[in-house]
Amino acid sequence: MQLVNDRYEIQGIPVLDIAQQFGTPLYVYDADKIVDKINQLRNAFSSVDLKIKFACKALTNVSILKLMRQNGVELDVVSPQELELGLHAGYEGSQITFTPSGVSFDEIETAVAVGSIINLDNLIVLEKFGQRFGGTVPCMIRIKPNVAAGGNAKIMTAHEGSKFGIDIRQREDILRIVNQYGINVVGLHQHTGSDIKEANAFVRAADVIFNFAKDFPNLQIIDLGGGFKVAYKEGDPTTDMPALGAQLSEAFLALSEQLGRKLQLWFEPGKFLVSESGILLVNANVVKSTPNRTFVGVNSGLNHLIRPMMYDAYHHIVNVSNPVSDQLKTYDVVGYICETDTFATDRQLTEVHENDTLALLNAGAYGFTMSSQYNSRFRPAEVLVYQGEAHIIRQRETMEDILKNQVLLEL
């Protein structure tokens with residue numbers, strides 16, 4: 001979204017026109033921004049054989065998945081349902097990596113049946129996999145390198161206390177099981193967490209994986225996960241992608257040379273690819289003044305965007321209806337849920353009036369996918385701006401959606 005001639009636009013379309021056409025609350029995604037982020041990652045790692053796997057839990061709309069597929073990006077999924085969405089969007093099973101955590105073994109068998117590569121993250125499942133498939137089905141192993149990094153404790157996934165992955169200190173147990181059943185390990189994986197801005201965190205985790213790689217003669221893939229830091233407001237630090245690409249590529253190519261075979265480097269970005277593409281448009285229901293605060297109550301809440309309440313996440317907010325003004329006022333922007341659901345406190349905005357449209361930025365990742373029907377509110381519609389046109393890619397929910405799986409008991 002850009003401010004052009006005193007109005008906010010996406011690919012030349014006025015944002016207020018989109019809000020008027022489709023109503024609010026509304027998620028809007030800019031396809032050009034997604035493609036730009038894909039290219040940024042590719043350019044940073046242009047010297048290696050790179051494969052990008054979109055961590056689709058960030059945004060699972062099938063039209064977004066189709067856009068990823070058209071741009072040569074494959075998928076990383078964490079559930080059979082995400083797997084089905086990927087197949088529905090046109091992916092082959094072999095283009096989808098299944099990276100579950102703590103699931104029943106039948107989910108793994110479901111993914112194997114469609115040709116997905118499985119990422120095994122605990123010793124019990126590794127042994128079951130060996131007993132069931134031996135060396136007939138290739139797999140990857142998720143390692144926990146015991147590196148703590150990320151923007152919030154809830155999104156750090158590689159530290160010692162994390163549930164994810166097999167602790168690198170269990171290296172001998174891994175090798176014992178792999179050798180016992182002749183398991184065909186073709187890849188090693190780790191994911192440090194989200195919102196990582198320091199290249200050093202990736203390098204430390206990569207060093208652990210690179211060292212372990214020497215124990216697997218059939219290894220083809222090193223998967224370093226995702227978690228690149230994006231900017232939520234002006235001046236925010238971000239992951240220096242060119243610097244990270246240069247540093248990791250050099251070490252990766254050295255590993256390939258040491259092992260005497262060409263390896264493929266995988267990343268699984270989620271937020272990095274889609275966060276900045278998305279906005280959540282809401283309308284101001286009420287502007288409520290009190291002796292010490294002014295609240296803007298909007299027609300959305302934690303049921304549509306839970307990140308501020310769950311992660312203390314910052315989302316920049318602009319008044320689309322009053323984009324340019326010399327006068328700023330201080331507001332708390334709050335939702336309509338019958339619970340504390342604050343989007344922002346003490347936020348400087350151009351003056352807000354009832355029925356103004358506000359935009360919450362960086363809402364493309366973990367927005368709609370973490371939404372709910374709390375308070376029996378409808379989930380919003382989704383729109384993709386593609387090649388200069390706004391397309392509806394999910395209809396707004398109705399009362400029928402809330403009732404369709406309920407059964408009225410005869411009492």
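**Figure 1. The loop between S1 and S2, where Asn 5 lies.** The view comes from a predicted model. Asn 5 has a phi near 50°, a positive value in a residue other than glycine. Most residues other than glycine have a negative phi.

**Figure 2. An open sheet of 3 strands in the order S1-S2-S3.** Pairing within this sheet is antiparallel. S1 and S3 (13-14) are the edge strands, and each of them pairs on one side only. S2 and S3 run antiparallel and are joined by 2 bridges. Glu 9 has Pro 14 in S3 as its bridge partner.

**Figure 3. The cis peptide bond between Thr 24 and Pro 25.** Omega of this bond is about -5°. Most peptide bonds are trans. Pro 25 belongs to the loop that runs between helix H1 (15-22) and strand S4 (26-30).

**Figure 4. The second largest pocket, with a volume of about 450 Å³.** Its lining comprises 18 residues. Those that lie nearest the centre of the pocket are Met 1, Lys 33, Glu 276, Leu 361 and Asn 362.

**Figure 5. The largest cavity, which holds about 60 Å³ of space.** The count of cavities of 30 Å³ or more comes to 1. Rolling a probe the size of a water molecule over the atoms shows where empty space is left. Pro 100, Ser 101, Gly 102, Val 103 and Ile 108 are among the lining residues of this cavity. The lining also includes Asn 119, Leu 120, Asp 121, Asn 122 and Val 125. By class, 5 of the lining residues are nonpolar, 4 are polar and 1 is charged.

**Figure 6. Helix H6 (residues 123-133) beside helix H7 (residues 171-181), with axes that come within 9 Å.** The two axes cross at roughly 10°. H6 is therefore roughly parallel to H7, as angles under 35 degrees count as such. On the H6 side, the contact is made by Leu 123, Leu 126, Glu 127, Gly 130 and Gln 131. These residues meet Asp 173, Ile 174, Ile 177, Val 178, Gln 180 and Tyr 181 in H7. The class count for the contact of H6 with H7 is 6 nonpolar, 3 polar and 2 charged residues.

**Figure 7. The hairpin of S20 and S21, with 2 residues between the strands.** S20 (residues 381-386) pairs with S21 (residues 389-394) in the antiparallel sense, over 5 bridges. Val 385 stands opposite Ala 390, a residue of S21. In this hairpin, Gln 387 takes a positive phi near 50°. The phi of Asn 5, shown in Figure 1, is likewise positive and near 50°.

Methods. Residues are numbered from 1 along each chain as its sequence is written. This is a predicted model: local features need pLDDT of at least 70, side-chain atom pairs count only at pLDDT 80 or more; totals for chains, interfaces and linings use all residues. Side-chain values use heavy atoms; hydrogens and water are left out. On a 1 Å grid over the protein atoms alone, a cavity is a set of points where a 1.4 Å probe fits but cannot get out, and a pocket is an open set with protein on both sides within 12 Å along at least five of seven lines; lining residues have an atom within 4 Å of a point. Grid points are joined across faces, edges and corners, and a volume is the space filled by probe spheres set on the points. Ala, Val, Leu, Ile, Met, Phe, Trp, Tyr, Cys and Pro count as nonpolar, Asp, Glu, Lys and Arg as charged, and the others, Gly among them, as polar. Axes are lines fitted to C-alpha atoms, for helices over the stretch in contact, and angles run from 0 to 180 degrees between N-to-C directions. Helices (H or I, at least four residues) and strands (E, at least two) are DSSP runs, numbered from the N terminus. Angles under 35 degrees count as roughly parallel, over 145 as roughly antiparallel, 65 to 115 as roughly perpendicular and the rest as oblique. Contact means heavy atoms within 4.5 Å. Two strands pair if DSSP finds at least two bridges between them.
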